[in-house]
Amino acid sequence: MRFLMFNITFLLLGTFAFAQHSFKGYIDNDRWQSEVYLSVIEDYRTLEGINDEQIITKVSANANGFFEFKGNQLDVTQKIYKLHVDNCSSFNQGSNHFEGHCTDSNDILFIAKSTDSITFPLSFDAQMFCDIISNNPRTAAFIKVDSLKEEMKFAYSEFRSKANRDLNNKKWFKTLQDFGEDLEEPLAELYIYAFLSDRGTQFHNYYLEDLKQNSYYDELLERLQEEYPNSSYTKQYEAELTSDKFIASPPDEQHSSFDWTYVLIGLLIASLIMNLWFVVSSRKRKAKQHIQAKDLLTKQEQNVLDLLLSDNSNKDIAEALFVSVSTVKTHVNNVYKKLNVNSRDELKSLFTN
């Protein structure tokens, strides 16, 4: 099997006002379509699948499979990022990304910030990672967690009995939690927490029981509040933890006369506020990207862009700007190239809030 290989390099250019990043690598052109996507993960429950709202940008690999992301989009604080490739048809690609429905795709998750300088070879298919060179020891935390999870899967598969599952539940909960804490990176612990608390797995019931008596979860909240006090990750975890504690220990178990209706109302309000925050943040990020994109264009190209977004034909644009149709075509091609689009529909989609 031919492996999809990435060689990602993060470069800090200290002489610039903004930290510059450069992500470089190669993909197997015989295995994947040429487009490579870079996403930022704000919601740790959406680590799996494809989400159009998370994509920062995309580039096309050349004939040799080489691609590169460069610019200054990364945050100065650490966040979760994803590179992914897929074989969705171009006709359905937009809806596939938005709904996460692409059956033939692959990705890699990693932790990064704008000042990192990292080079590491990796294979999406084999999950083999070695010779990582980094000034940030936290970057490969997810990779280390995935390696431990592979050991766990083998332990569960050795004997498929209830007794074996119960024994392994207890063992691996403790093992994974301790491993995450030793990494000294709360985002890696969230990666483990999302896995152990997933309602769709066999671990969920054990997690609810563990939540009743294990102080680990409150301690993780304290670590998140200390390291990422205003992040979406911390706010989301705090809301989930409050909700799950209520589920794990309902009022009749606590022998309390407290009216939990107020708690439920509070959780609902917190959920609405969080959703609103995500929507507003997404729109702000998109508006910033629009401004950055327009800065790449000349004044005349910006005029052409505005007319294109208003559904004017090339002839209409030529008349409005008092230039020839051939000149308009040249400007249109330059706009497409600088904004990395191939059609008017893609252009309008890029600037649609």
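Visitor: By class, how many residues in the lining of the largest cavity are polar?
Guide: Keep in mind that this is a predicted model. The lining splits into 2 nonpolar residues, 1 charged residue and a polar group. That polar group numbers 5.

Visitor: What volume does the largest cavity have?
Guide: The count takes in cavities of 30 Å³ or more, and it comes to 1. The largest cavity has a volume of about 40 Å³.

Visitor: Let's move on to the pockets. How much space lies in the second largest pocket?
Guide: Its lining has 27 residues, and those nearest the centre are Glu 48, Leu 109, Asp 146, Lys 149 and Tyr 191. By class, the lining holds 11 nonpolar, 8 polar and 8 charged residues. The space in this second largest pocket is about 670 Å³.

Visitor: Which element gives the most to the lining of the second largest pocket?
Guide: Three elements each supply at least two residues: E7, helix H2 (141–158) and helix H4 (186–196). The one that gives the most, with 7 residues, is H2.

Visitor: E7 is a strand, then. In what order do the 4 strands of the open sheet come?
Guide: The sheet is open and its pairing is antiparallel. Strand E4 (55–60) and strand E7 (105–112) each have a single partner strand, so they stand at the edges, with one side of each left without a neighbour in the sheet. From one strand to the next, the twist averages 20°. Read across, the order is E4-E3-E6-E7.

Visitor: What is the bridge partner of Ile 41 in E6?
Guide: Strand E3 covers residues 35–41 and strand E6 covers residues 79–86. These two strands run antiparallel and are joined by 5 bridges. Ile 41 has as its bridge partner in E6 the residue Ile 80.

Visitor: Now the helices. How are H3 and H4 oriented to each other?
Guide: The axes of helix H3 (residues 162–182) and H4 come within 9 Å and cross at roughly 160°. H3 passes H4 in a left-handed crossing. An angle over 145 degrees counts as roughly antiparallel. The two helices are therefore roughly antiparallel.

Visitor: And H4 with H6: is the crossing left-handed or right-handed?
Guide: Helix H6 takes in residues 216–227, and its axis comes within 10 Å of that of H4, crossing at roughly 140°. H4 and H6 are therefore oblique to each other. As for the hand of the crossing, it is left-handed.

Visitor: How does H10 lie to H11, and in which hand does it pass?
Guide: Helix H10 (residues 299–309) and helix H11 (residues 314–321) pack with their axes 10 Å apart, at an angle of about 135°. That angle makes H10 oblique to H11. So the answer has two parts: H10 is oblique to H11, and the crossing is right-handed.

Terms used: Residues numbered from 1 in each chain as written. Predicted model: local features only at pLDDT ≥ 70, side-chain atom pairs only at ≥ 80, totals over all residues. Heavy atoms only, no water. Pairing = 2+ DSSP bridges. Axes fitted to C-alpha atoms, helices over the stretch in contact; angles between N-to-C directions. 1 Å grid on protein atoms, 1.4 Å probe; cavity = no way out; pocket = protein on both sides within 12 Å on 5 of 7 lines; lining within 4 Å. Points joined across faces, edges and corners; volume = space filled by probe spheres on them. Nonpolar A, V, L, I, M, F, W, Y, C, P; charged D, E, K, R; others polar. Parallel < 35°, antiparallel > 145°, perpendicular 65-115°, else oblique. Left-handed = near helix turned anticlockwise from the far one by under 90°.
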